[in-house]
Structure formats: structure tokens, C-alpha cells
Amino acid sequence: MKNDNDPPIPLARPDLGTAEEEEVLGALRGGRLALGPKTGEFERLFAGFVGSPWAAAVSSGTAALHIAVRALSIGPEDCAVTSSLSFIAAANALSYEGAEPVFLDVDPDSLCLSPSALRQYLDSCKEAEDGLHDPNTGRRVAAVMPVDIFGHPAKLDEIIEIAAPASIPVVSDSCEALGSQFQRSDAWVHAGTGAKITVYGFYPNKQITTGEGGMATGTDPDIEERIRSLRNQGRRSGDPWLHHTRIGYNYRLDELSAALGVAQMRRVDEILERRSRVVSWYQEELAGVEGVSTPRAASWAKPSWFVEFLLVSKEVDRDKVVLHLNAKGIESKAYFDPPVHRQPPYAVRPHLAPGPLPVTDDAAARNVIVPLYGGLSRTEVARVCDALRSGLGEAAA
């Protein structure tokens, strides 16, 4: 059981300080709480950091995914490829527009969408004048939506190359991967670079936070115009007040949240470095420990880990490990179990997973998430790892 003298250790805690307080108070005192200058400043700082020509702030990562789907005119006759080892938001964003997700397996090295699974699926599709169509439903394959799971980037260049011959756009769900990079030739680029649209999320457990909030980025000015209009009830730049060009949504980011984002982006390198240091402590503490493995980066990737996820061996009862850690006052969970294709809204449509997803199911069944945030001390990491070692011993079959 937990020692009464040990304070609980939460899974996540936002990295906030006086800079964030001052920015938010400044916006509050300025009296402009929506459609103000802080949103634009946040967008410029963010676009500069990830190397994108534009960035459009919205109210959540899910909102960013939804208007990305809408901006690409994906609808009821369409489907889009994604992975099931993920938060449900990408699948839901498609469902909002009447489209269906097609769940393919993930790569064992990155746990992101498998390029080989994508190639095999597209090869099975039927060709038509308007593109490839799903062999089971006849729906047009309108997009590929890889998810940068746990902060590890997908093998995006290969995914784009596979999708390009059929003119299928790629939407990168990088909501968990701010600061993550992958190698392109002799350069390192940010996760999502090269996708038609890339989306990010800023929930309090993410690398940076705006409380709630999200961002869409890209290079296409027409897509930018659509996204900026869709987030603001369909108004275009230059539309008279209360005139609207298209049907849109109230997906704006408020000025207080944007001000928080400004402060976070000014400190983003520091925030990411603090989190990276904690990850390195976990790797040192758990090196050689039997029954568990720490996250590893593919040779072509520099992840910015969203959570500290561990994989227990098949001989270990993962759920017992989670219960043990929580009893010790250390918040722990299993993430994305069950995976999306096994959850009620999607399990009733088995055709959405056109084949078995063994890597997805295995990772969902064996992962354990333990605390990760920049404010964790080395002593607290050691406490987590001590509890994990004892928990592994108790949970071994």
C-alpha cells in the first residue's frame, strides 16, 4: 500500500508558471476575450516552431480534425484510412461527416500506421474514375489519417508516397506529438511535415497546453481559407458582419486560451527539454528490469513522448500492475484498451477493420502508462520505478 508520507503522483500536470499567469491576466485586463490579437500571435509562434506557412487555432484537437475532414470535402460516400491504437477523435471526426474509418494495423517499431498495411489495403481497392474504392463497402478512399501515437511520428514520407499515385490526401493527427521529428534525407523535420493538413491538440496532459485547444497547419492557402472560415461559423475574411459564405462551426479559440498558448510557445524548448529529461531518467531506472520495456525511438525518429508508456511482457498481468501502482499513490492507466475498432460505436461495423490487427491488439493489451511531466523529480521517478518493480513481481504469472 501507499506510504502515508508519500504524496500522490498524478499521470500528468501542466508546466505553468508566472509567464502564463501574466499573459492570461494581460488578456483578461485587455477586455478582448474573443477574436483578438493573442490568437494571431499564438498562431504565428506555433507556425514558426513547426515550420509551417500557416497555423489556425481552434477550440480542441478534435475540432481541428473535424474541420480538416470538412475542408477536404470528405462525406457520406467516403472512407479514410487510420489506425485503431489511438484516441477515438480521428474516427469520430470522420463519422461527424457521415464518412467511415478503415482501421489498419500499426507498425511494431513505431506503433503508428503501418505503411506496408496501407499498401496492401490500397492494392485491394477497386479503381474508378474518381479514385480508389473500398473493396467491402464501395466507398471512395478519401484520405489517409496516420496518428503519431504517444508522441512517436509516423513514417509519413512513405505513407505520402504510397497514397500519392491515387491522389489521396494525407491528414496527420499529430495531436500527441508536438516537438517530435522524423528524418527526411539529411534534415530533421517536425511530425506532420508534408501532410496536406496536420493537426495538434493542447489538452492539459499534452506537451503544451491551452486548457482546451487545437491547431491545424498546412501549406495550401485554399485549405487555410476554408479552415479559418469553418472555425468561425463559415464567415470568410472580408465577409460583412453576420454574413456567412458557408456552413461552419463555433470552433474558435478564445483569447485567454490563446494567451496561455503564447506563453507556452515562448517556453516550448524549455518545456520539451524538461519532459525529455524525465524520460531519460525512466530509461536509466528501468534498464535491465525484466518483464517491462521502455519506449524506443525508431532510427529515423526523434519522439517527443506524450506519455511514458511501457509494455509489459506477455507473462505479466498488466491490469494487476496498474492496480498495484495506483494503490501506491502513483496514477497509472492502460491507454487505448480496447482499441477504437473494438469500442461500441465501431465494433458493430466489423467491416471497418478489413483484416486482423495483431500488433494493435497486442500493444493495447500490454501497455502501462505511468506519470510524465516536466515537474517530476528524479526521486519521484525512482519511486514510480520501485513501485513498478514490485508490481511486476506480484503480477507475473
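How many of the 11 residues of helix α3 are buried? The close-ups below, all taken from a predicted model, start with that helix.

**View 1. Helix α3, residues 61-71, is largely enclosed by the rest of the structure.** Of its 11 residues, 9 are buried, so the helix has the rest of the structure around it for the most part. Look next at the start of α3, where a side-chain oxygen of Ser60 comes to within 3.4 Å of the backbone nitrogen of Thr62. After the helix comes Ser73, with a positive phi near 60°.

**View 2. Strand β1, residues 54-58, is another largely enclosed element.** Here 5 of the 5 residues are buried, so the rest of the structure largely encloses this strand. In a regular strand, side chains alternate between the two faces of the sheet. You can follow this in β1: Trp54, Ala56 and Val58 point one way, while Ala55 and Ala57 point the other way. The partner shown here is strand β11 (residues 214-218), which pairs with β1 in the antiparallel sense over 5 bridges. To find your place along the pair, look for Ala56, which stands opposite Ala216 of β11.

**View 3. Strands β9, β8 and β13 form an open sheet, in that order.** The 3 strands pair in the antiparallel sense. At the edges are β9 (187-190) and β13 (301-302), each of which pairs on one side only. Strand β8 (residues 181-184) is joined to β9 by 4 bridges. Within this pairing, Gln183 has Trp188 in β9 as its bridge partner. Trp188 has another neighbour to look for: Lys302 lies over the face of its ring, at 4.4 Å from the ring centre.

**View 4. Phe42 and Phe46 form one of the 12 aromatic pairs in the structure.** A pair of aromatic rings is described by the distance of the centres and the angle of the planes. For Phe42 and Phe46, the values are 6.3 Å centre to centre and 75° between the planes, an edge-to-face arrangement. Both residues belong to helix α2 (residues 37-50), and because they are 4 residues apart, about one helical turn separates them. Phe42 counts as buried because its relative accessibility is 0%. Phe46 is buried too, with a relative accessible area of 0%.

**View 5. Tyr249 and Tyr251 make a stacked pair.** Why is this pair called stacked? The ring centres are 5.1 Å apart and the planes meet at 15°, so the pair of Tyr249 and Tyr251 is stacked. Tyr249 and Tyr251 are both buried.

**View 6. Six aromatic residues gather in one cluster.** The members to pick out are Phe150, Trp305, Phe306, Phe309, Tyr335 and Phe336.

**View 7. The largest cavity holds about 70 Å³ of space.** Its lining is made up of 13 residues, and those closest to the centre are Arg13, Pro14, Asp15, Lys206 and Arg275. In total, the structure has 2 cavities of 30 Å³ or more.

Definitions and conventions
Residues are numbered from 1 along each chain as its sequence is written. This is a predicted model: local features need pLDDT of at least 70, side-chain atom pairs count only at pLDDT 80 or more; totals for chains, interfaces and linings use all residues. Side-chain values use heavy atoms; hydrogens and water are left out. Buried means under 20% relative accessible area, exposed over 50%, partly exposed in between (1.4 Å probe, protein chains only). Helices (H or I, at least four residues) and strands (E, at least two) are DSSP runs, numbered from the N terminus. A polar contact is a pair of N or O atoms within 3.5 Å; within protein, one must be able to donate a hydrogen and the other to accept it, and residues adjacent in sequence count only if both atoms are side-chain atoms. Two strands pair if DSSP finds at least two bridges between them. Rings of Phe, Tyr and Trp (its six-membered ring) pair if their centres lie within 6.5 Å; planes under 30 degrees apart count as stacked, over 60 as edge-to-face and the rest as tilted. A charge sits over a ring if NZ of Lys or CZ of Arg is within 6 Å of the ring centre and within 35 degrees of the ring normal. On a 1 Å grid over the protein atoms alone, a cavity is a set of points where a 1.4 Å probe fits but cannot get out, and a pocket is an open set with protein on both sides within 12 Å along at least five of seven lines; lining residues have an atom within 4 Å of a point. Grid points are joined across faces, edges and corners, and a volume is the space filled by probe spheres set on the points.
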